[in-house]
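Hello,

Here is the structure I promised to pass on to you. Have a look at it first, and then read on for my notes.

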Amino acid sequence: MIRLILVAFFLIAFLILSAIPLLIGERLVYKNDEKKQQEYCLKVAQAMFRMLLRLTGSKITVKGRERIPEGAVLYVGNHRSYFDILVGYTMVPGLTGFVAKKEMETWPILADWMRNVNCLFLNRKDIKEGLKTILEGIEKVKSGVSIWIFPEGTRCQEKDPLKMLPFKEGSMKIAEKSGCPVIPVAITGTRDIWENHLPFIRPSKVTIEFGEPIYIKELPLADRKHLGALAQNRILEMLEKEQKIRRA
C-alpha cells in the first residue's frame, strides 16, 4: 500500500504543482520552435515516468532497441496494464505519441500534457471521429513523429501472459497510408505491478522487446491485407520466447 500511496502522491503533486509552470515555461522558451517544445515535454514526461517506475520497485529490461530504424515508425504493442504506457514512453528514442481513449481528453492538466507529447485521442464508438484520429496520426508520422498504438483496443484482462485480444486491422492504417515501418512490441510483467493484485503496487520484472521492423511494401499481398494479424503473431513469438527464458 505504501508504494501505491507514493506513486499516487508523486503523480498528483507533479500535475498540480509543476505541470502548469512547466508548460508555460516550455512555450516561453521554445515559442518559435514547435519541435523543441515537443522534445522538451517528452523529456519531462520520460523523467516523470522513470521516477514512477522506480517507486514501484520494478526492474525494466529492454531488448531489441537497436532494431528501431531512424525516422518515424508505428509501434504496435500488446496491452495488459496502465504501466505499459510508462514503460513504452521511457524507451522510445524519438518523438512519439500514444493513441489513448477519448475519455482521457477530459482529464484536466493531464490531457494538456498528453497533447504536448503528441498523443491522440481515439473515440472507439464513433467511426467518423475514429477515422479523423487515424488521419491525424498519418500526418504526425509524415512530420517525423512516431505513433504507438495498442490494436487490441483495450487492456487484456486474461492472467495468461500469452493471451491477447484480437488486433483491430483498422489500427494499422497509419502505417499503410504513411508507408512507415511497423515495430511489433512485446511487453511482459507490467500487469504484475498493479492489476494482478489490486489495490497494491508490487515490484515486478518487466521486459519490453522491440521486434524486427515490418516494411509493408516488402510484404506479400496476402500479408498486407492482414497486417494486424501478422504483427500480433510477431508479438506472440516474442512473448513465448520471454516466457521460456523466465521458466528456465
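What separates Arg246 and Glu242 in helix H8? The two are four residues apart, which means about one helical turn lies between them. (Helices are DSSP runs of H or I with at least four residues, strands are DSSP runs of E with at least two, and both are numbered from the N terminus.)

Before going further, please note that this is a predicted model, in which local features need pLDDT of at least 70 and side-chain atom pairs count only at pLDDT 80 or more, while totals for chains, interfaces and linings use all residues. Residues are numbered from 1 along each chain as its sequence is written, and side-chain values use heavy atoms, with hydrogens and water left out.

**Salt bridges**

Side chains of opposite charge can pair when their charged atoms come close. Here a salt bridge is a side-chain nitrogen of Lys or Arg within 4 Å of a carboxyl oxygen of Asp or Glu. The whole structure holds eleven of them.

Arg246 and Glu242 form one, at 2.8 Å from N to O. Glu242 also has a salt bridge with Lys63, where the closest N and O atoms are 3.0 Å apart.

Glu242 is buried, at 4%. Lys63 is partly exposed at 26%, and Arg246 is partly exposed at 27%.

Another salt bridge joins the side chains of Lys241 and Glu209, 3.0 Å from N to O. Lys241 belongs to helix H8 and Glu209 to strand E7 (residues 205-210), so this pair ties together parts that are 32 residues apart in sequence. Lys241 is partly exposed, at 40% relative accessibility, whereas Glu209 is buried at 4%.

There is also a network of salt bridges that links Lys102, Glu105, Asp112, Arg115 and Glu129.

**Arg80, a charge without a partner**

Arg80 sits in the loop between strand E2 (74-77) and helix H3 (83-91). Arg80 is buried but has no salt bridge, and the nearest side chain of opposite charge, that of Glu152, is 6.5 Å away. (Lys and Arg count as positive, Asp and Glu as negative; His and the chain ends are not counted.) Leaving aside neighbours within four places in sequence, the residues in contact with Arg80 include Arg155, Cys156, Glu158, Lys159 and Arg191; contact means heavy atoms within 4.5 Å. The Arg80 side chain reaches the backbone oxygen of Lys159 at 3.5 Å.

**Helix H3**

Eight of the nine residues of H3 are buried, so this helix is largely enclosed by the rest of the structure. Among the buried ones are Phe83, Asp84, Tyr89 and Met91. The elements that cover them include H2, E1, E3, strand E5 (146-149), strand E6 (182-188) and E7.

**The largest pocket**

Rolling a probe the size of a water molecule over the atoms shows where empty space is left. A pocket, on a 1 Å grid over the protein atoms alone, is an open set of points where a 1.4 Å probe fits, with protein on both sides within 12 Å along at least five of seven lines; lining residues have an atom within 4 Å of a point. Points are joined across faces, edges and corners, and the volume is the space filled by probe spheres set on them.

The largest pocket holds about 1,400 Å³ of space. It is lined by 49 residues, and Tyr82, Ile85, Ala100, Lys101 and Met104 are the closest to its centre. Helix H1 (2-29) gives the most to this lining, with seven residues. Other elements that each supply at least two include helix H2 (34-56), strand E3 (96-101) and helix H5 (127-142).

**Two backbone details**

Leu198 and Pro199 are joined by a cis peptide bond, with omega about 5°. Pro199 lies in the loop between E6 and E7.

Asn118 has a phi near 70°, a positive value in a residue other than glycine. Asn118 is in the loop between H4 and strand E4 (120-122), and is buried at 1% relative accessibility.

Enjoy exploring the model!

Notes. Buried < 20%, exposed > 50% of the residue type's maximum accessible area, 1.4 Å probe, protein only. Polar contact = N/O pair within 3.5 Å; in protein donor to acceptor, adjacent residues only side chain to side chain.
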